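Visitor: I have a model open and want to learn how to read it. Where do we begin?
Guide: With the rings, then the sheet, then the surface.

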Amino acid sequence: MRGSSPAIATSAPGRSAVAEANPVLVILFDAQPHGETPGETFELSARRHPGAQVILLTTPEAAPRFSGLGVTVWTDGSARGPVRFLALVRRISWAHIGHIYDLEMSALTRFMRFCVWPMPQWHGPEALQAALPQAKPVS
């Protein structure tokens, strides 16, 4: 049949199984840039996207600090030079990432947002911070 794809099977009204299978990329070059622990960060992203693979984009220097978290680690976050930058953008594009949580918000990662195609949903650090349980004031 033309125009129909057997890969898209709806699991719930209005949601497709393919969209839920897209990996989630977390860009984090330092272990604790925003106060939360790395484990909390990945737990929040996994809770927001159940069933999706969580991928961490970090630097080779920071990668040992993220060991044991049960996520896939990409260590090419320090893309120095145009060729490495384009290779990183291509790798992200080919992975068919559904959501990117940019916890770094550097000039490199902000520019990368416009280079990755197809364009995944891009979230800043406030997206995961809003999901953290808030401390209730004592009255």
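Guide: Start with a rule: rings of Phe, Tyr and Trp pair if their centres lie within 6.5 Å. Planes under 30 degrees apart count as stacked, and planes over 60 as edge-to-face. Keep in mind that this is a predicted model.

Visitor: How many aromatic pairs does the structure hold?
Guide: Two. Take Phe42 and Phe66 to begin with. Their centres are 6.4 Å apart and their planes stand at 80 degrees, so by the cut-off of over 60 the pair is edge-to-face.

Visitor: Where in the chain do Phe42 and Phe66 sit?
Guide: In distant parts, 24 residues apart. Phe42 belongs to helix 2 (residues 38-48). Phe66 is in the loop between strand 4 and strand 5.

Visitor: Are Phe42 and Phe66 buried or exposed?
Guide: Both are buried.

Visitor: And the other pair?
Guide: That one is Phe85 with Phe111, and it is stacked. The centres are 5.6 Å apart, with 25 degrees between the planes. Phe85 is in helix 3 (residues 82-94) and Phe111 in helix 4, so this pair ties together parts 26 residues apart in sequence.

Visitor: Why does Phe85 count as buried?
Guide: Because its relative accessibility is 9%, and buried means under 20%. Phe111 is at 48%, so it counts as partly exposed.

Visitor: Now the sheet. What holds strands together in general?
Guide: Strands of a sheet pair through backbone hydrogen bonds, either parallel or antiparallel.

Visitor: What is the strand order here?
Guide: The order is 5-4-3-6-7, in an open sheet of five strands with parallel pairing. Strand 5 (72-74) and strand 7 (121-123) are the edges, since each pairs on one side only. From one strand to the next, the twist averages 20 degrees.

Visitor: How many bridges join strand 3 to strand 4?
Guide: Four, between parallel strands; strand 3 covers residues 24-27. In one of the bridges, Val26 has Leu56 of strand 4 as its partner.

Visitor: Which residues of strand 5 partner strand 4?
Guide: Strand 4 (residues 54-57) and strand 5 run parallel and are joined by three bridges. Among the partners, Trp74 of strand 5 faces Leu57 as its bridge partner, and Thr72 is the bridge partner of Ile55.

Visitor: How do I read side-chain direction?
Guide: In a regular strand the side chains alternate between the two faces of the sheet. In strand 4, Val54 and Leu56 point one way, while Ile55 and Leu57 point the other way. All four are buried.

Visitor: Last stop, the surface. Which residues form a nonpolar patch?
Guide: Phe111, Phe114, Trp117 and Met119. Together they have about 510 Å² of accessible area.

Definitions and conventions:
Residues numbered from 1 in each chain as written. Predicted model: local features only at pLDDT ≥ 70, side-chain atom pairs only at ≥ 80, totals over all residues. Heavy atoms only, no water. Patch = residues over 30% accessible without salt bridge, like charges linked within 9 Å, V, L, I, M, F, W, Y side chains within 5 Å. Areas by Shrake-Rupley, 256 points an atom, 1.4 Å probe, with all protein chains shown as cover. Salt bridge = Lys/Arg side-chain N within 4 Å of Asp/Glu carboxyl O. Pairing = 2+ DSSP bridges. Helix = DSSP H or I, 4+ residues; strand = E, 2+ residues; numbered from the N terminus. Axes fitted to C-alpha atoms, helices over the stretch in contact; angles between N-to-C directions. Buried < 20%, exposed > 50% of the residue type's maximum accessible area, 1.4 Å probe, protein only. Phe/Tyr/Trp six-rings, centres within 6.5 Å; stacked < 30°, edge-to-face > 60°.
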